[in-house]
Amino acid sequence: MIRNVAILGATGSIGTQTLDILARYPDRFSACCLCARSDAEGLFPACCLCARSDAEGLFQLARTFRPRTCGLVVEPKEIPDDLRGIEWFFGEDSASRALAVSGADDALCAVVGIAGLDAVLTALDTCERVLLANKEALVTGGHLVTEKAKRLHRALLPVDSEHSAIYQCLQAARGNVPSRLILTCSGGALREFPREQLANATVSDVLKHPTWRMGSKITVDCATLMNKGLEVIEAYHLFGLPEEKIEVVIHPQSVIHSMVEFADGAVLAQLGAPDMRVPIGYALGEPDRLAFGGERLDFTRMGALTFASPDTERFPCLAYAREALRLGGSAPVVLNGANEEAVAAFLRGEAKFGQIPLIVRYALDHAELKPISCAQEVYEADARARLLARACLRHL
């Protein structure tokens, strides 16, 4: 039976790689819904995939995959004549509305940032499985998402390479509870950047990720180690281990994607070439593995695999994320909202790289932290965090 798949964030890196796999398996999958955001918001430069819809790009995808529904945040001047048979939705909630009537069995949620939370919650209402590539949905609304998934008996499958690796390792646990989760981290583009030049690293410097092909926002987060901090919070919600049992190690080769340790000291690891189509394909095909012609590891030519502890003095955002997780309530929302504002300002050339952690720290120090019981409270906390981040930026 063909599974209908909705892709939210279709024109971004994860979205296009997902479509690459779907195109290879037309007898198994159909893209029934394609949604994207818009660069008309002015938050990011034109090179940034994380907030860009690129209407023309979505039009081209729609011509290839002929989905039932499509969504764009900003309505274009016109829909091409050959695409008028598709049901189109526009506005900030376009992804949720397009998804709700698409008939999707699975939703691949790859909208970057807190903007993806509503879509994830809608996907849990309407789809059998949610393939989660939007880590911010769990960072900001973690227990809202996981409790809803449990209540509705929905499968919540991780697409982040690290969480997919842990999920795959846990399939061999045979009921044994892990004693430690070990998230690997490439260290980002600035891992060996001279300390004296770090604060003034340019956008070009930061976007030169050594191993992964990703959108601009997540690439900046990799450079600050905020991405790994967000992944610690995500792992906490996905796998239920306390923060102190979730470890981060720097692994520049990006061959081991993450590991799970058990009570007897045994460690299971998932290895592979750095290609996001592996975790995407695993989530799509579970329990089957889908071949896509990717690079295979040659262990005889691989060389050394190295590991190190993260330097939270140079890159304090990882420590800030752990602190926010321990504080609970709205603290992770504040962390995420301030970081999104700071990264957007950096990509626009309005903030220096070294100011990103300063802005996040200011927001955490000055925000009034409150419990979170619904999505509306998430958005209210996010709005307050962004105001604090902008105030800090004005005075830097």
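## Second largest pocket

The lining of the second largest pocket comprises eight nonpolar, five polar and five charged residues. The model is predicted. This pocket holds about 380 Å³ of space. Its lining counts 18 residues, and those closest to the centre are V278, L290, F292, E295 and R296. Two elements, β11 (267-271) and α11 (277-285), each give two or more residues to the lining. Of the elements, α11 gives the most, with four residues.

## Salt bridges

The salt bridge count comes to 29. One of them joins the side chains of D288 and R28, with an N to O distance of 3.4 Å. This pair links distant parts of the chain, 260 residues apart: D288 sits in the loop between α11 and α12 (317-327), and R28 in the loop between α1 (13-24) and β2 (29-36). D288 is partly exposed at 38% relative accessibility, and R28 is also partly exposed, with a relative accessible area of 26%.

Two further salt bridges lie within helices. In helix α15 (residues 375-395), D382 and R386 are four residues apart, about one turn of the helix, and their side chains meet at 2.8 Å, N to O. D382 has a relative accessibility of 8%, so D382 counts as buried; R386, at 14%, counts as buried too. Salt bridges with shared partners join D382 and R386 with E340, E341 and R390 into one network.

## Helix α9

K217 and D221 form a salt bridge through their side chains, at 2.6 Å from N to O. The two residues are separated by about one helical turn, because they are four residues apart in helix α9. Both K217 and D221 are buried.

T224 belongs to helix α9 as well, which spans residues 216-224. A polar atom of the T224 side chain lies 3.2 Å from the backbone oxygen of D221. T224 has a relative accessible area of 3%, so T224 is buried. Residues up to four places away in sequence aside, T224 touches F315, C317, F353 and I356.

## F59 in helix α2

F59 is located in helix α2 (residues 55-65). Its relative accessibility is 2%, so F59 counts as buried. With neighbours within four places in sequence left aside, F59 is in contact with P76, E78, I79, P80, L83 and W88. The C-alpha atoms of F59 and L34 are separated by 9.8 Å, and the two residues are 25 residues apart along the chain.

Key:
Residues are numbered from 1 along each chain as its sequence is written. This is a predicted model: local features need pLDDT of at least 70, side-chain atom pairs count only at pLDDT 80 or more; totals for chains, interfaces and linings use all residues. Side-chain values use heavy atoms; hydrogens and water are left out. Buried means under 20% relative accessible area, exposed over 50%, partly exposed in between (1.4 Å probe, protein chains only). A polar contact is a pair of N or O atoms within 3.5 Å; within protein, one must be able to donate a hydrogen and the other to accept it, and residues adjacent in sequence count only if both atoms are side-chain atoms. Contact means heavy atoms within 4.5 Å. On a 1 Å grid over the protein atoms alone, a cavity is a set of points where a 1.4 Å probe fits but cannot get out, and a pocket is an open set with protein on both sides within 12 Å along at least five of seven lines; lining residues have an atom within 4 Å of a point. Grid points are joined across faces, edges and corners, and a volume is the space filled by probe spheres set on the points. Ala, Val, Leu, Ile, Met, Phe, Trp, Tyr, Cys and Pro count as nonpolar, Asp, Glu, Lys and Arg as charged, and the others, Gly among them, as polar. A salt bridge is a side-chain nitrogen of Lys or Arg within 4 Å of a carboxyl oxygen of Asp or Glu.
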